[in-house]
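Me: I have a protein model open and would like to learn how to read it. Please take one feature at a time, with the general idea before the case.

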Amino acid sequence: MSDEKEDWNFSLDDEAPAKKKKKKITNKPLLKNSKKEVKIDLDAGSVPRRKSRRQMAREEGGTSIKDRDIVDPAPNWKRGIAFIIDLSLLIVIVAAGQAGVVFYPEFGETFKTILGPEIINSIPLDIGGIAIALVIHFLIVVIPQASTQKSLGKKILKLKIIGTLKVKAPLGVIIIREYFAKPIAIISVIGIVMIPLNRRRRGLHDYISGTVVLDNS
């Protein structure tokens, strides 16, 4: 056997491999974008104005919130003057109808046949003239009133009729108000007298037809 010993090297290598440097992650694009200023246009005209409760109530047609009035019912004196104006117009229309029957005497013959001579003789005006007056009144008063919610008197005094179920009172409501409810209120007298006695100043014809008259000035 050979006496020669193999050299065994048990020394550790002191030189450790160099550590890799970690790269710093920087989100430059994100940081760059985050620094951008966002410009907000604060133009006064672009900001919607807040509506008052009164204005919203007028647009919606309501008259109160929790039993508190938020719109103005028509003043008694304005309603009185508007009534006089409308009554004067009605008298002119009736006179025009009576004058018109002279030119169209056959217009009321049908009504005379239906109603009979007893009823016809009890009416102080010519039934044909009344029929002509109704047609004129419907065309120049009722239809425009259903469209604008104002009669001639209410337009002059800046009053407006609204419905309690719908903001804009439809044609049917105006017909009931003018041809049925209003005559009952006038004949009963109390139907007109009760207007200044209640908070919303509604007459009997307003309760029957479901309307309210507001001050639209």
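Reply: We can begin with burial. A residue is called buried when its relative accessible area is under 20%, exposed when it is over 50%, and partly exposed in between (1.4 Å probe, protein chains only). Here D206 and R177 are both buried.

Me: What should I know about the model before going on?

Reply: The model is predicted, so local features need pLDDT of at least 70 and side-chain atom pairs count only at pLDDT 80 or more, while totals for chains, interfaces and linings use all residues. Residues are numbered from 1 along each chain as its sequence is written, and side-chain values use heavy atoms, with hydrogens and water left out.

Me: What forms a salt bridge with D206?

Reply: A salt bridge is a side-chain nitrogen of Lys or Arg within 4 Å of a carboxyl oxygen of Asp or Glu. The partner of D206 is R177, and their closest N and O atoms are 2.8 Å apart. This pair links distant parts of the chain, with D206 in helix α10 and R177 in helix α8, 29 residues apart.

Me: How are helices and strands assigned?

Reply: They are DSSP runs numbered from the N terminus: helices are H or I with at least four residues, and strands are E with at least two. The protein chain has ten helices and four strands. Along the sequence their pattern is α-α-β-β-α-α-α-α-α-β-α-α-α-β.

Me: How many salt bridges are there?

Reply: The rule gives six salt bridges. In one of them the side chains of K78 and D215 meet at 3.4 Å, N to O. That pair too links distant parts of the chain: K78 is in helix α3 and D215 in strand β4 (residues 211-215), 137 residues apart. K78 counts as buried because its relative accessibility is 11%, and D215 counts as buried because its relative accessibility is 11%.

Me: Which side chain meets K182 in a salt bridge?

Reply: The side chain of E178 does, at 3.1 Å, N to O. K182 and E178 are four residues apart in helix α8, so about one helical turn separates them. Both K182 and E178 are buried.

Me: How do I judge the length of α8?

Reply: Compare its span with the expected one, which is 1.5 Å times one less than the number of residues. Helix α8 (residues 171-188) has 18 residues and reaches 25 Å from its first C-alpha to its last, close to the 26 Å expected.

Me: Where does α8 bend?

Reply: The bend at a residue is the angle between axes fitted to the seven residues ending there and the seven starting there. In α8 there is a bend of about 40 degrees at R177. The buried residues of α8 are V173, I174, R177, E178, A181, K182 and A185.

Me: What about phi?

Reply: Most residues other than glycine have a negative phi. V189, which follows α8, has a positive phi near 65 degrees. K158 also has a positive value, near 60 degrees, and lies in the loop between α7 (152-156) and β3 (159-163). For R201 phi is positive and near 55 degrees; R201 sits in the loop between α9 (190-193) and α10 (204-209). R201 is partly exposed because its relative accessible area is 26%.

Me: Which residues make up the largest nonpolar core?

Reply: A nonpolar core is a set of buried Ala, Val, Leu, Ile, Met, Phe, Trp, Tyr and Cys residues joined through side-chain atoms within 4.5 Å. The largest has six residues: A74, A82, L157, L159, I161 and V213. Another core, of five residues, lies apart from it and includes A146, A169, V173 and I174.

Me: What is L157 in contact with?

Reply: Contact means heavy atoms within 4.5 Å. Leaving aside neighbours within four places in sequence, L157 is in contact with W77, K78, I81, A82 and I85. D86, in helix α3 (residues 76-103), is in contact with S151, L152, G153 and K154, on the same exclusion of neighbours within four places. D86 is buried because its relative accessible area is 16%.
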